[in-house]
Amino acid sequence: MWWRSAATILCGLLCITTACGQDAGTLPTTSGGAVPFRVEVVATDLRVPWSIVFAPDGRMFFTERPGRLRVIKNGRLRAEPLLTLPDVDTTLKLGLMGMTLHPQFAQNHWLYLAYAYREGNGQRVRVVRYRETNNNLSERTIIIENIPAATNHAGCRLRFGPDAKLYITTGDADKPPLSQDLDSLAGKTLRLNEDGSVPEDNPFFHQPTRRVSPVWSYGHRNAQGLDWQPGTNLQFQSEHGPSGFDGPGGGDEINIVERGRNYGWPIVHHTQSHPRMQSPLLEYTPAIAPGSGMFYRRTLFPQFQGNFLVGCLRRQCILRVVLDGRRVVSQERLLEEGMEGSAKSWKLPTARSTFPPRSLIPPTAQDDKTTIRSCGWCRRNKITSLRSYDEHTRQGAKREREIAGERPDNPSSDADGHAVDAMRAVRCSGRSAR
Ligand SMILES: [Ca+2]
């Protein structure tokens, strides 16, 4: 029942975009009670809804990871999907994930999807474009494909920027060094024209093809939130930090992403820094598992205007970041632990001791005492071999889970700690507004 996690996040986001409660005595509020709101359930029995977009005519399109594109019109979920992709790979955290509409959707009806598919023994991601007319999709066009992916790290957030270019986040495909390889599409932000061609003003040259590269920024692990700040047009991303197998747990990031820059993975992560790499604006340990990120632009909640809202898979809450340009003014969690009580203040990031990802320790390090001895973190933590590194990682991940309040024996938690409380959807329903 782990997919209910995403369904609850869907409820929360809808609350922010469509509903507002008056009975503040029993409703969730932001800290200090400044913004009361209530959650309405608009659809049930969904399988991992991942992207939501609104058409100019008011219809709501959303993806389900098994490969379905669904629509809600006038508050009702249409029973039949608009589309069921035949070639989607739904292994673990893959599937149909990204969706966006062309900025001129009202005129050209172009809808873009990003999903994982199987290629040989591995996974890949492709982005396709359809023309949507009267709930019918046609004119399938491949925009880009053969993007490396893996069961965990596949990126897939799609959005058009203020420059009318299509931006795509990609994961490191479980191969961290690819994030630093400018000739690979893994662990990057890509920037394309609406038809999939590469803009001539992109920052990098792709050596194998001797042409301009789709790459806009690099050194990402798995960014899945993407939007531009109203007013400044700064690009913000949320990004998942290590899961334990590729570095200590936590280290989730919010970054301001700029042309041609290196965001560090896997050379630096958590609170580490490097003179030629960009440090995150915000870092979160324990993990929050940021699965989405968007700026609030609407008028129903004027207090949220210009806030960056992040859908957190862990604890199933929404992180609200109040910003003044590049400066973080405050943070809080909304809807944490379901609907009960007021939002709690977020513990602001603090410096932590961290250790290098396993990929940076050469395979021969077990016999290479010089390599181990040259690593300050390894010395401090008495790491003398890859085996002791792995044990430390395991213990660290366990501690992170305990700090996060998770129960390792909870049968409704999956391996990455995307804990699920199946009853939460019921609670949402019991408190629905109408
Ligand atoms: Ca980073």
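What share of the contacts in the protein chain with a separation of 6 or more comes from residues 24 or more positions apart? The answer is 53%, where two residues are in contact if their C-beta atoms, placed from the backbone, lie within 7 Å. This is a predicted model, in which local features need pLDDT of at least 70 and side-chain atom pairs count only at pLDDT 80 or more, while totals for chains, interfaces and linings use all residues. Residues are numbered from 1 along each chain as its sequence is written.

**View 1. The protein chain as a whole.**
The protein chain has six helices and 24 strands, which are DSSP runs numbered from the N terminus (helices are H or I with at least four residues, strands are E with at least two). Of its 434 residues, 46% count as buried, a term for residues with 20 or more other C-beta atoms within 10 Å of their own, all C-beta atoms being placed from the backbone.

**View 2. The open sheet E6-E7-E8-E9.**
Four strands form this open sheet, in the order E6-E7-E8-E9 and with antiparallel pairing; two strands pair if DSSP finds at least two bridges between them. Strand E6 (96-101) and strand E9 (136-149) each have a single partner strand, so one side of each is left without a neighbour in the sheet. From one strand to the next, the twist averages 25 degrees, with axes taken as lines fitted to C-alpha atoms and angles running from 0 to 180 degrees between N-to-C directions. Strand E7 (residues 110-119) pairs with strand E8 (residues 122-133) over 10 bridges, and Glu-119 stands opposite Gly-122 in E8.

**View 3. The open sheet E16-E17-E18-E19.**
This open sheet of four strands also has antiparallel pairing, and its edge strands, E16 (223-228) and E19 (282-284), each pair on one side only. Neighbouring strands of the sheet are turned by 15 degrees against each other on average, direction ignored. E16 is joined to strand E17 (residues 235-239) by five bridges, and Trp-228 has Gln-235 in E17 as its bridge partner.

**View 4. Strand E3 and its partners.**
Strand E3 (residues 68-73) runs antiparallel to strand E2 (residues 60-64), and five bridges join them, with Phe-62 and Arg-70 as bridge partners. In the hairpin of E2 and E3, three residues lie between the strands, and Gly-67 in the turn has a positive phi of about 115 degrees. E3 also forms a hairpin with E4, with two residues between them, where Asn-74 in the turn has a positive phi of about 55 degrees.

Methods
A residue is buried if 20 or more other C-beta atoms lie within 10 Å of its own, exposed if 12 or fewer, and partly exposed in between; C-beta atoms are placed from the backbone.
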